[in-house]
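Here is a briefing on a two-chain model. Look at the structure first, then read the points below.

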Amino acid sequence: MRKLTLLGLLSFIPIFTFAQRKILSENLNQFKNKGGNWIIAGDATANPFKDYDIQTTPGTGVLVNDHEHGTYGDKYELVSEFEHGDLDISFDFMMAKKSNSGVYMQGRYEIQLLDSWGKKNPMHGDCGGIYHRWDESKPEGKKGYDGHAPRVNASKAPGLWQHMEISFKAPRFDDKGNKISNATILAIKLNDMLLHENVELSGVTRGAYGSGEVAMGPLRFQGDHGALAFKNIVINNFDKPAASLENLSYSVSYISYDPAADPYNIPVDETGQMPELTWEFMKRPNNYSYNIEGDFNAPADGKYDFTVFSSANNFLKIDGETVLSNKYTGPNDRRTGSIELKAGKHKVELYNAKYDAWMSPTLGLYVAGPGFRKKALHSQGSMLGNKPTDPILVNAKTNTNLRSFMDFEKDGKKQRIVHAISVGTPENLHFTYDLDRGALLQIWRGDFLDATPMWNSRGDGSSKPRGSITLFDNDVTINTSLTSWPTDTLGTGFRPRGYSMDEANRPTFLYEIHGSKISDKIIIKEDKTFERTISIESERPELAIKLSEANQIEKIQDGLYAVNNKDYFIKVNANENVQLVTNGDKKQLIVMAKKKLTYDILF
Amino acid sequence: MKNIKILFLSLICLAVQGQESPKEEDFYRIITPPIPEGIILEVGGLCTLPNGSLAMATRRGEIWIMENPTSRNPYLRLFASGLHEVLGLAYKDGALFCTQRGELTKLIDENEDGIADTYETINAWPVSGHYHEYSFGPKIAPDGNFFVSGNVAFGSEEWWRGEARVPTRGSVFKVFPDGHREEWAAGMRSPAGLGIIDGELFYTDNQGDWMGSGGMWHLKEGAFTGHPASLAWVDENSPVTLTEEQFYAERDNRKVRNATGSYIKPENVQDQTPDMLWQLKEKYPSVQTPVVWLPHGILGISNSEIIKDETKGAFGPFVDQIFIGDQGQSKIMRVFMEKINGEYQGAAWDFRSGFQSGVMRMDWAKDGSLFVGETNRGWGSAGDANQGLQRLAWNGQMPFEMLKCKAMPDGFEVEFTLPIDRKSAEDLASYSASSFLYKHHPAYGSPPINREDLNIKGVNLSADGKRLRIVLDGLRKYYIHELNLDGIRAAGRYYSLIHPTVYYTLNNIPDGEKMSSANLKTGSSAKAKPLSPTRTTKKLDTPDRKNTATKSTKKVAPTYAQVKPLLQRHTCLACHSEGKKVIGPSFVDIAKRKYSDTEILNLVYKPKPENWPSYATPMAAMPHIPKADVLKIASYINGLRL
């Protein structure tokens with residue numbers, strides 16, 4: 001709908017380092033496409049109920065395959081002019097209903113893109129799967145092999161923007177051209193969920209460019225099996241030498257905790273050199289304070305990301321500048337900080353002081369930088385001996401509910417709701433309901449909950465969702481007027497009444513507000529849609545029900561609304577009395593109350 | 001003739017001394033019912049239902065019903081789930097009521113399929129989301145309403161200071177079926193155990209800041225029990241009349257910053273004139289001192305559930321007395337309560353130890369045995385497990401114990417379960433007594449203070465040998481009076497008392513007739529008084545290592561039995577045992593480190609937790625223990641070296 005001007009697009013470009021670049025969706029100059037079915041557009045919309053449907057508006061920023069389903073062939077592919085080896089690629093994509101596409105790494109290894117919305121047990125050919133290989137000589141039905149199904153089905157509904165990240169390592173060859181290591185999918189994430197990790201590829205997948213494997217190959221997008229759209233395609237090449245450490249030395253003081261002492265002025269007990277980065281030069285595991293210094297060799301100009309694991313108080317400085325400030329962390333808490341550096345030698349300084357006997361010391365230092373992947377700079381022994389806690393996971397193989405504190409972040413601020421209930425389903429769709437407000441807090445797709453924070457040791461009373469989360473506005477759902485929606489339940493006569501369970505252990509939430517009894521039930525329909533029914537015990541035509549409040553709400557067709565630039569859909573009956581209200585810089589989707597209102601959330 | 005008789009009896013005494021007297025486990029057996037693998041019973045609530053089934057609430061938010069709980073094959077059924085860390089369960093009008101972290105919930109099985117279908121919110125109270133804000137209860141008041149209590153949170157910077165960030169924290173409140181709640185009492189820190197006894201509300205609190213030791217309090221409406229956190233929310237509508245201003249006018253909060261602006265954690269100040277809770281009570285009568293102090297480290301470290309013996313004898317001779325659980329020492333204590341001058345006070349003893357995890361909740365089975373629900377909730381406890389459900393049953397044999405201990409105008413009257421041997425009873429060397437108390441200050445816990453030995457003037461044993469009057473000098477109102485009846489023996493069998501020490505909290509000294517000295521026996525077989533901590537002995541073991549080494553072949557280390565009174569008095573046994581790792585290393589393991597006696601002395605005064613990295617709980621410094629006592633204990637420890 002909106003036209004993105006060139007200027008508007010430029011204002012969204014992040015700062016790139018030398019090796020990272022965005023495939024600008026401004027023109028197709030870097031690609032070949034004989035069929036002409038790939039176009040640049042300003043925006044794309046796909047109706048989730050119409051097969052293969054996609055509509056575009058003119059402009060730039062979005063790459064669309066607008067191919068009529070039914071004709072096939074290589075000419076409909078989009079192939080890059082450049083070639084790549086080790087590569088990270090991330091992009092947003094939107095499938096049309098029933099569409100089928102794929103991303104071929106080096107033109108040879110396909111990651112499937114498919115409308116797999118609602119599929120219970122994903123296979124290699126579902127969205128995010130590593131497509132199978134093909135042996136024509138095998139008998140019928142057994143020609144396909146070595147495909148890898150994603151760990152979970154993380155697909156969203158067609159017509160919604162999804163996000164994928166692929167991390168690829170190319171095969172390695174010796175001087176004579178013999179393959180000495182396989183191509184590897186280091187990781188694939190779809191909508192924040194990890195689908196694959198360190199999967200070795202024995203050879204090219206079906207439909208590759210020939211059967212040979214190469215050190216460098218083009219990037220290729222399938223275009224002959226249905227319409228889809230891409231935006232924000234970012235690639236990162238990793239073919240540059242990595243950073244390194246040398247000339248490491250340490251100085252250490254063995255003291256007990258003294259709050260009166262100046263932490264930077266403690267008498268030194270011992271100094272020395274060490275060939276590798278480790279904490280193991282120490283003579284004892286507690287009541288110490290040390291400084292390690294050394295030379296950090298940056299192979300190129302650019303941004304360097306450092307990740308540190310250290311027990312208790314620690315900081316990291318490069319050339320005297322603080323990259324990670326002095327903070328108290330546990331041995332499994334990683335911290336990451338970045339700094340821009342010029343190529344050459346830089347002074348690295350690591351500090352650690354610990355007076356808690358129950359924590360074992362640890363030292364881990366990782367660095368990622370221009371053209372090279374994250375690598376460990378510490379020795380092998382430096383991070384041994386810190387066992388992570390056994391997680392306590394709650395699964396929803398049958399309908400399962402769990403009350404806990406629930407943390408979320410809104411407008412950059414961390415918040416905790418204290419009377420929350422999370423509802424998990426075997427369809428892998430779950431939600432959290434705020435009993436203090438009668439509000440839907442969040443929905444997510446994936447596994448149910450991680451209850452380690454609540455049930456391990458003394459616990460902190462909270463649990464965490466496992467999957468990709470969409471936050472709602474956690475606001476009072478029912479109000480006496482269309483305007484001036486309240487921020488809390490003060491003055492509304494709100495009283496929580498608990499919930500009742502149906503035969504399948506699904507709750508109906510009960511509360512009172514503005515003198516009426518309300519019941520609110522959310523269930524999963526057709527394995528893929530949230531269906532919410534809000535009932536009011538008596539006729540109250542003056543009450544309004546807020547279905548959504550967001551930065552952006554647009555109408556797709558009667559009864560169908562896309563929220564926050566197609567993050568999710570809300571579907572109501574076409575003849576429902578719906579109002580789209582502007583409230584400051586937010587939009588609200590409101591329905592005037594009736595005794596029973598049912599609507600769907602497509603996610 | 002007489003001489004031969006005396007000789008004969010003495011010989012028998014000597015002979016029997018070599019045997020062991022019966023212990024707790026010889027009368028009260030711990031039974032562990034079989035629980036299917038995979039069910040985690042960190043029990044937070046226990047309730048026997050009218051049909052005899054046992055309802056159990058757990059930290060994992062589940063309510064289990066155990067059918068046929070006393071049989072060899074109990075059956076577990078999941079009644080409800082998904083609740084938020086339940087810490088109490090009660091049954092009323094055909095439904096179960098449970099206390100979650102933030103809510104009192106009624107669980108109703110509408111369609112009678114054995115599974116709860118309605119989770120009705122009776123009242124949802126505020127919590128700030130801090131991990132320590134547990135809520136306990138409900139207990140059903142005589143008027144049918146519910147009592148609930150709430151833990152304090154702790155400060156962010158001042159992590160040692162309990163605070164009430166929102167209303168209900170650090171207090172006890174009443175919830176009504178129509179859903180509203182009213183304040184009842186304030187001044188709590190960690191009110192983990194509530195109990196209704198004879199229609200009155202009682203609760204236990206845990207040692208911590210402002211709580212010198214755990215204990216059991218009587219909660220009249222408007223009572224204040226010592227911790228100031230909840231006073232932040234007291235207003236003119238509250239039944240609590242003590243205000244924050246009044247409290248801090250009497251007590252120093254010790255919120256002190258150091259040179260860099262950070263708060264300093266208040267620690268115990270040696271050699272100060274201490275404040276005590278009873279002094280606040282004398283100025284403000286709504287302040288309550290405990291019915292019984294449960295001396296920290298001796299009678300528990302983290303007191304929990306209160307329950308009255310209503311089994312009419314099926315659980316043994318302690319009819320109508322009170323049992324209190326402990327989460328840290330995984331044991332149960334016993335309390336005899338009486339009313340003097342209109343206020344409750346009483347005596348406390350150890351009762352039964354050896355549970356597999358911290359004792360949190362208790363309820364009676366229909367057969368008069370006691371179900372014990374256990375969890376240490378991440379804090380470490382004696383025993384091998386982090387959770388459990390066990391059962392304590394009396395085997396019908398009469399244990400030799402003090403049955404009751406009553407206050408008298410001039411001392412105490414102890415009643416025994418069996419007649420005691422007259423000779424040992426009328427020998428004053430069989431007894432020792434002292435009294436002490438705890439500070440009321442913002443530091444964490446308090447060492448025992450103002451300890452005085454009490455002179456025993458004489459005793460009088462009743463004709464049937466079961467009631468003993470002990471007359472003492474130096475009774476002090478409000479103080480804990482410790483009576484050791486180590487020398488008492490059972491008549492005929494010469495057994496020792498299973499629990500020879502009683503702690504009586506003397507909130508009031510009764511009026512009435514003192515015993516005339518004509519009726520008192522005053523003889524004693526001892527030449528000198530037993531070792532007491534109020535005496536400083538000048539010459540004991542020399543700190544000089546050389547001397548100790550050369551004399552080691554001649555010097556005999558004290559035995560465990562000889563140092564046990566010291567280990568108990570100084571609360572070493574809260575964390576250490578001779579051979580077994582408990583919260584701290586065993587004495588045998590400490591002996592392996594080959595510290596000298598002096599090194600042990602220094603380490604007791606200034607512990608070095610880094611010497612024991614696999615132990616989660618650092619040892620608290622104990623500089624108040626007299627040097628002579630520590631050196632005697634050190635000598636005992638070093639005697640354990642192989």
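Helices (H or I, at least four residues) and strands (E, at least two) are DSSP runs, numbered from the N terminus. By that count, chain A has two helices and 45 strands. This is a predicted model: local features need pLDDT of at least 70, side-chain atom pairs count only at pLDDT 80 or more, and totals for chains, interfaces and linings use all residues. Residues are numbered from 1 along each chain as its sequence is written, chains are lettered from A and ligands numbered from 1 in the order in which they are written, and side-chain values use heavy atoms, with hydrogens and water left out.

**Overall shape**

- The radius of gyration is taken over C-alpha atoms, and the globule rule is 2.2 Å times the number of residues to the power 0.38.
- Chain A has a radius of gyration of 28 Å, close to the 25 Å that the rule gives for 603 residues, so chain A is as compact as a globular protein of that length.
- The C-alpha trace of chain A spans about 80 × 70 × 55 Å along its principal axes.
- Chain B holds nine helices and 36 strands.
- For the 642 residues of chain B, a compact globule would have a radius near 26 Å; the value of 25 Å agrees.
- The C-alpha atoms of chain B fill a box of roughly 80 × 65 × 55 Å, taken along the principal axes.

**The A–B interface**

- Counting contact as heavy atoms within 4.5 Å, 29 residues of chain A touch 34 residues of chain B.
- The two chains bury about 2700 Å² between them, 48% of it on carbon and sulfur atoms. Buried area is the accessible area (1.4 Å probe) that two parts lose on being put together, summed over both.
- A:Arg403, A:Trp455 and A:Arg458 supply 26% of the area that chain A buries against chain B, more than any other three residues.
- A polar contact is a pair of N or O atoms within 3.5 Å; within protein, one must be able to donate a hydrogen and the other to accept it, and residues adjacent in sequence count only if both atoms are side-chain atoms. The interface has 17 residue pairs in polar contact, both at pLDDT 80 or more.
- β35(A) gives the most to the side of chain A that touches chain B, with seven residues.
- β35(A) pairs with strand β9 (residues 118-124) of chain B in the antiparallel sense, over three bridges. Pairing requires at least two DSSP bridges between the strands.
- A:Ser500 has B:Thr118 in β9(B) as its bridge partner.

**Salt bridges**

- A salt bridge is a side-chain nitrogen of Lys or Arg within 4 Å of a carboxyl oxygen of Asp or Glu.
- Within chain A, A:Lys594 and A:Glu576 meet at 2.8 Å, N to O. Each lies in a loop, so the pair ties together parts that are 18 residues apart in sequence.

**Local details**

- A:Gln552 lies in the loop between β39 (544-550) and β40 (553-557) of chain A. The side chain of A:Gln552 reaches the backbone nitrogen of A:Asn565 at 2.4 Å.
- The peptide bond from B:Gly137 to B:Pro138 is cis, with omega near -10°. B:Pro138 is found in strand β10 (residues 135-140) of chain B.
- A:Asn505 is not a glycine, yet has a positive phi of about 65°.
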